[in-house]
Amino acid sequence: QVQLVESGGGLVQAGGSLRLSCVATRSILTINAMGWYRQAPGKQRELVASITIGGTTNYADSVKGRFTISRDNAKNTVDLQMNSLKPEDTAVYYCKADGALTAGGRRNYWGQGTQVTVSS
């Protein structure tokens, strides 16, 4: 069973930092792209940041300059360093693996989500 396990969420004051981590189970051989999405109450899930297997990154305008995504291809992990957090960053953050290759083929996977709450 393929799983993406997230950690690092929590409660932080505005201006603070958090680091989210996501690890894919060992049954995944390679992953084309990994990313972090978030969903606030009453809003649609949105892309926060993504990174390809080659290291190309993409960020939502709202987090540029504050968040940094990184990955370890050998370990199938992706991290999101979040600095200068704002109350509007409050959401459930989800890890996603695009084009994850396993013995059963290639498909996308989602993590279960981790709550990030930024107090003002």
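## Close-up views of a predicted model

**View 1. Arg-66 sits in a loop.** Arg-66 is found in the loop between strand E6 (57-59) and strand E7. This is a predicted model, as are all the views below. Is Arg-66 buried or exposed? Its relative accessibility is 10%, so Arg-66 counts as buried. The cut-off for buried is under 20% relative accessible area. Which residues does Arg-66 touch, leaving out those up to four places away in sequence? They are Gln-81, Met-82, Asn-83, Ser-84, Leu-85, Lys-86 and Asp-89.

**View 2. One of the residues touched by Arg-66 is Ser-84.** Ser-84 lies in the loop between E8 and E9. Look at its backbone. Phi of Ser-84 is near 50°, a positive value, and Ser-84 is not a glycine. Ser-84 counts as partly exposed because its relative accessibility is 40%.

**View 3. Asn-76 also has a positive phi.** The angle is about 55°, although Asn-76 is not a glycine. Where is Asn-76 found? Its place is the loop between E7 and E8. Asn-76 has a relative accessible area of 5%, so it is buried.

**View 4. A disulfide joins Cys-22 to Cys-95.** A disulfide is a covalent bond between the sulfur atoms of two cysteines. How many disulfides does a search of the whole structure find? The search finds one. From S to S, the distance between Cys-22 and Cys-95 is 2.1 Å. The link of Cys-22 and Cys-95 is left-handed, with -80° about the S-S bond. Cys-22 belongs to strand E3 and Cys-95 to strand E9, so the pair ties together parts that are 73 residues apart in sequence. Cys-22 counts as buried because its relative accessibility is 1%. Cys-95 has a relative accessible area of 0%, so Cys-95 is buried.

**View 5. The largest nonpolar core has 32 residues.** Which residues have the most contacts inside this core? They are Trp-36, Leu-80, Met-82 and Tyr-93. Several strands give two or more residues to the core: E3 (18-24), E4 (30-39), E5 (46-52), E7 (67-72), E8 (77-82), E9 (91-102) and E11 (114-119). Which element gives the most? E9 does, with five residues.

Terms used. Residues numbered from 1 in each chain as written. Predicted model: local features only at pLDDT ≥ 70, side-chain atom pairs only at ≥ 80, totals over all residues. Heavy atoms only, no water. Core = buried A, V, L, I, M, F, W, Y, C linked by side-chain atoms within 4.5 Å. Buried < 20%, exposed > 50% of the residue type's maximum accessible area, 1.4 Å probe, protein only. Helix = DSSP H or I, 4+ residues; strand = E, 2+ residues; numbered from the N terminus. Contact = heavy atoms within 4.5 Å. Disulfide = S-S within 2.5 Å.
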